Amino acid sequence: MKILTIDRAKCTGCGACQMICSIAKKGTVMPSDARIRIRRAGGIDTQYAVVCQHCAEPVCVSACMRGIIDKDPGTGVVSRRTEDCFACAACRVMCPVGAVTYDRDQEAFVTCDLCGGDPVCVKVCPTQALRFEDVHQASLDLRSKYAQNLLNPTEGGVN
């Protein structure tokens, strides 16, 4: 199973991922229609990408009043039947990372669908802050980074 990971230390908040996502999903450059977002919290040094993490136990699935959100046990991808969404926003409220966005054309809440297993945002990220990688390898990398930080605390934090 593969996931989209974001290295916040590398993310500059340039917005290239938002632009390509909006082109892929809507056919036009409209960052507000992207399923990946740049979160700007407090200043230029705190910009980073936010995207659906396809959680191990996604709370959006249980929060959905219509039962239209599912997690594929094989791929781990959380998907939605947007035609049945009545835009109650329960999934958006419950999302722990704030990755649920409203699609005006579909009149439904949506999240990243990993572009069917080939996320375009990863291809355009100029700093390689976005990666599409095996979940186990991503976990090992994060643990290694955390351990390195414990051993060398002056070299930076864990992302």
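Q: What are surface patches made of, and which residues form a nonpolar patch here?

A: Patches are made of residues with over 30% relative accessible area and no salt bridge, nonpolar side chains being joined within 5 Å. In this predicted model, the residues Met 19, Ile 23 and Val 29 form such a nonpolar patch on the surface, and together they have about 240 Å² of accessible area. Met 19 belongs to helix α1, which covers residues 16–26. The relative accessible area of Met 19 is 37%, so this residue is partly exposed.

Q: In which sense do β2 and β3 pair, and over how many bridges?

A: Strand β2, residues 37–40, pairs with β3 in the antiparallel sense, and the pairing runs over four bridges. Within this arrangement, Ile 38 stands opposite Ala 49 of β3.

Q: What counts as a salt bridge, and how many are there by this rule?

A: The criterion is a side-chain nitrogen of Lys or Arg within 4 Å of a carboxyl oxygen of Asp or Glu. By this rule the count is nine salt bridges. One of them joins the side chains of Arg 35 and Asp 113, with an N to O distance of 3.8 Å. Arg 35 lies in the loop between α1 and β2, and Asp 113 lies in the loop between β7 (108–110) and α4 (120–124), so this pair ties together parts that are 78 residues apart in sequence.

Q: Are Arg 35 and Asp 113 buried or partly exposed?

A: Burial is read from the relative accessible area: buried means under 20%, exposed means over 50%, and partly exposed lies in between. Arg 35 has a value of 11% and is therefore buried, whereas Asp 113, at 29%, counts as partly exposed. The pair also belongs to a network of salt bridges in which Lys 25, Arg 35 and Asp 113 are linked.

Q: Where do the partners of the Arg 81 and Asp 70 salt bridge lie in the chain?

A: The closest N and O atoms of Arg 81 and Asp 70 are 2.6 Å apart. Arg 81 is in the loop between β5 (78–80) and α3 (90–94), while Asp 70 is in strand β4 (residues 69–71); the two are eleven residues apart. Arg 81 is partly exposed at 32% relative accessible area, and Asp 70 is partly exposed at 34%.

Q: How is the salt bridge between Lys 123 and Asp 118 to be described?

A: Their side chains meet with an N to O distance of 2.8 Å. Lys 123 has a relative accessibility of 57% and counts as exposed; Asp 118, at 42%, counts as partly exposed.

Q: Which side chains do Asp 103 and Asp 33 meet in polar contacts?

A: The side chain of Asp 103 is joined to that of Lys 26 by a polar contact of 2.8 Å. Asp 103 lies in strand β6, residues 101–103, and counts as buried at 5% relative accessibility. Beyond its neighbours within four places in sequence, Asp 103 is in contact with Lys 26, Arg 35, Ala 108 and Val 110. Asp 33 is located in the loop between α1 and β2 and is buried at 14% relative accessibility. A polar contact of 3.1 Å joins its side chain to that of Arg 104. If residues up to four places away in sequence are not counted, Asp 33 touches Lys 26 and Arg 104.

Q: How far apart are Cys 112 and Val 51 in sequence and in space?

A: They are 61 residues apart in sequence and 6.5 Å apart in space, C-alpha to C-alpha. Cys 112 is in the loop between β7 and α4 and is buried at 9% relative accessibility. Leaving aside neighbours within four places in sequence, Cys 112 is in contact with Arg 35, Val 51, Cys 52, His 54 and Val 78.

Q: Which residues is Pro 96 in contact with, leaving aside its neighbours within four places in sequence?

A: Pro 96 is in contact with Cys 55 and Val 59 on that basis. Pro 96 is found in the loop between α3 and β6 and counts as exposed at 62% relative accessibility.

Definitions and conventions
Residues numbered from 1 in each chain as written. Predicted model: local features only at pLDDT ≥ 70, side-chain atom pairs only at ≥ 80, totals over all residues. Heavy atoms only, no water. Patch = residues over 30% accessible without salt bridge, like charges linked within 9 Å, V, L, I, M, F, W, Y side chains within 5 Å. Areas by Shrake-Rupley, 256 points an atom, 1.4 Å probe, with all protein chains shown as cover. Buried < 20%, exposed > 50% of the residue type's maximum accessible area, 1.4 Å probe, protein only. Pairing = 2+ DSSP bridges. Polar contact = N/O pair within 3.5 Å; in protein donor to acceptor, adjacent residues only side chain to side chain. Contact = heavy atoms within 4.5 Å.
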